[in-house]
Amino acid sequence: MIPSPETFENPRDSYRNPWIFGILIIVVIFIFIIMYSLEPESEFLTDPFLQAPTENSVQVVWFTEFPGKGNFVVYGESLNRVVEANTIKLSRTREDQDSFVGKQIEKGLIYQQPMMRDIWRHEAKVVGLTPNNYVPYQIISEKENGENMKSKIFNLAAKPTPGTPLKILLTSDHQSKPMTSANLQKVTETFDKLDAIFFAGDLVNIPDRASEWFDDNRGNAFFPNLQGRAHYELEKNGKKTVYKGGELIQNMPLFPAIGNHEVMGIFSMKNYLNYQFSQPYPRQAAKNLYPQNPQNINPDTWLKNNSFNTDTYEEIFTLPQNSSDKKNYYAVTFGDIRLVVLYITNIWRVPRLDDNARGKYRERKKDFDNPAEWGYGQHIFEPIIKGSQQYNWLEKELASQEFQQAKYKVVMFHHPPHSLGENIVPAYTNPIQYIDRDENGKITTIRYEYPQQNDYIIRDVLPLLETSGVQLVFYGHSHLWNRFVSPSGMHFLETSNVGNSYGAYLGEKKRTVPQNYQEKYAEVGNPNSLEPIIPTIAPLLDENGEPQPYIASNDITAFSIFETETGTVSSYYFDTRKPNSEVVKFDEFKLRK
């Protein structure tokens, strides 16, 4: 039925009524504000981010869930220069029953086992840049239907020249932890402009789980946190605050190091991803099992799938390369800094000593007769022992002209050489396996020892760094802030109390260690002799009012900034229990010249 004209009030009558007219004006204005204040939802998985800058170029990278008919970067003052991106499909990204992605808000709601997730990476090399001159840029991806998706406009630059004052964010161990979004938001609120990020490993928890990088539905995935696109609700004392992270890597390069959470273990499309992550197998042990392979698979492929790999990390990031051989360690000059990034990490295992523990110090009792299920303790992924390929590369780098002429010499890796945290114990060395048997030859214990004197970082690496004039060793892994200084003046900084903490081991708080093993393992303190430094400005106080030489908190988050103009490293904290409070500068030190 078509309504008759009499059904409607004459609109002119509304205009004669000032109340109705006023309400109409308010409604129109409200709709206008809503329409134009909300940006259209992006179908990019990430904003662009910057990688591997050179004297006249920089790599621009972004991700989508479609390959695109064409993917481009436009740049220049008028965005009139165009470069086409190369596109690859990530080879190992998956989701599973433990993913928080899409409509899966609880375990197993959608996924019951690992499923491949198609994600495409686009990378374009922007050339013709002038150092220290920022240029606007934008990414464009054309969908199959011809629709062009465009990002916001950001800024890029070639790497800075020596003498350029820089501010560098030092961070690590994000791993989708609760305070990470707040931490990065406070970084950008405290500093209008930063120039780079040095990231000492543990970017995510499970590197093959795509949503941890891109779109975890809890709102705090890796890229959203570092691009100001997070939406994480943090509850403290009954009050909820939403944090968005910080818009950072769209406008500055990220230099990462591999942590243990960038390494996946034995590949499977049946076992859940957390289990695969926890099951890396030593390469030599895997080689010993290869003759039993009935499928006659290529030995290199088989070995990678049955030991460990860093494929997803390597596919996501473009690392500076110092030779024709692709390595997960590298060196780069950035302004006055020569940054050396090492691959120093091992598998983390539980310190428990019960019969069900596949741990640091022992195998599970039920696995004694099944070597394929052994964990082999905290085995090291990439050798750094004296004479290894990485050690020889490091020796050559420290003797290079680029390193020797740098004003600031910084070395970054993941595993701590000095720390009050749990992960400094046991020593960073290859586990020594002992198999104890009874009088009948039956295995009673499989245990692992780590002689302190064989710690490769302390014994082999640090003497090399000391004699080469390194001023700062930066690392993570134990999820706390603490720092140390060697007798020669080399500084050690762990600033990993970003998203959470597992505590500092001083006083009454003791690590879980074996009491009846051949080696002695430190229950408290730093086992490698140096004493922690009390923060110089505003240390936190213990219950007795005494200053603490660390921050190990699940309420207070910390970050550090290296300013090259003065050679100063400053550390700041933010108390998430007081969302309206100011960021507090609590420590500062200068690198020796």
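Strand 19 is covered on both faces: Tyr408, Val410 and Met412 on one side, and Lys409 and Val411 on the other, are all buried (under 20% relative accessible area, with exposed meaning over 50% and partly exposed in between, using a 1.4 Å probe and protein chains only). This is a predicted model, so local features need pLDDT of at least 70 and side-chain atom pairs count only at pLDDT 80 or more, while totals for chains, interfaces and linings use all residues. Residues are numbered from 1 along each chain as its sequence is written, and side-chain values use heavy atoms, with hydrogens and water left out.

- Strand 19 spans residues 408–412, and five of its five residues are buried; strands here are DSSP runs of E, at least two residues, numbered from the N terminus.
- In a regular strand, side chains alternate between the two faces of the sheet.
- Strand 18 (residues 337–341) pairs with strand 19 in the parallel sense over five bridges, where pairing takes at least two DSSP bridges between two strands.
- Across that pairing, Val340 stands opposite Val411.
- Strand 22 (residues 472–475) also runs parallel to strand 19, joined to it by three bridges, and Leu472 is the bridge partner of Val410.

**Confidence**
- The protein averages a pLDDT of 92, and 91% of the residues score at least 70; pLDDT is the predictor's confidence in each residue, from 0 to 100.
- Residues 1–16 stay under 50, with five contacts beyond four places in sequence (a contact means heavy atoms within 4.5 Å).
- Residues 27–41 are also below 50, and that stretch has one contact beyond near neighbours in sequence.
- Where pLDDT is low, the predicted coordinates should not be read in detail.

**Two loop residues**
- Ile105 sits in the loop between strand 6 (94–95) and strand 7 (115–116), and is exposed at 58% relative accessible area.
- Ser151, in the loop between strand 10 (148–150) and strand 11 (154–156), counts as buried at 8% relative accessibility.
- Setting aside neighbours within four places in sequence, Ser151 touches Phe44, Pro48, Gln138 and Ile139.

**Around Asp436**
- Asp436 belongs to strand 20 (residues 432–437) and is partly exposed, with 28% relative accessibility.
- Its C-alpha atom is 6.4 Å from that of Ile446, ten residues apart along the chain.
- Beyond neighbours within four places in sequence, Asp436 is in contact with Lys442, Ile443, Thr444, Thr445 and Arg447.

Note on methods
Helices (H or I, at least four residues) and strands (E, at least two) are DSSP runs, numbered from the N terminus.
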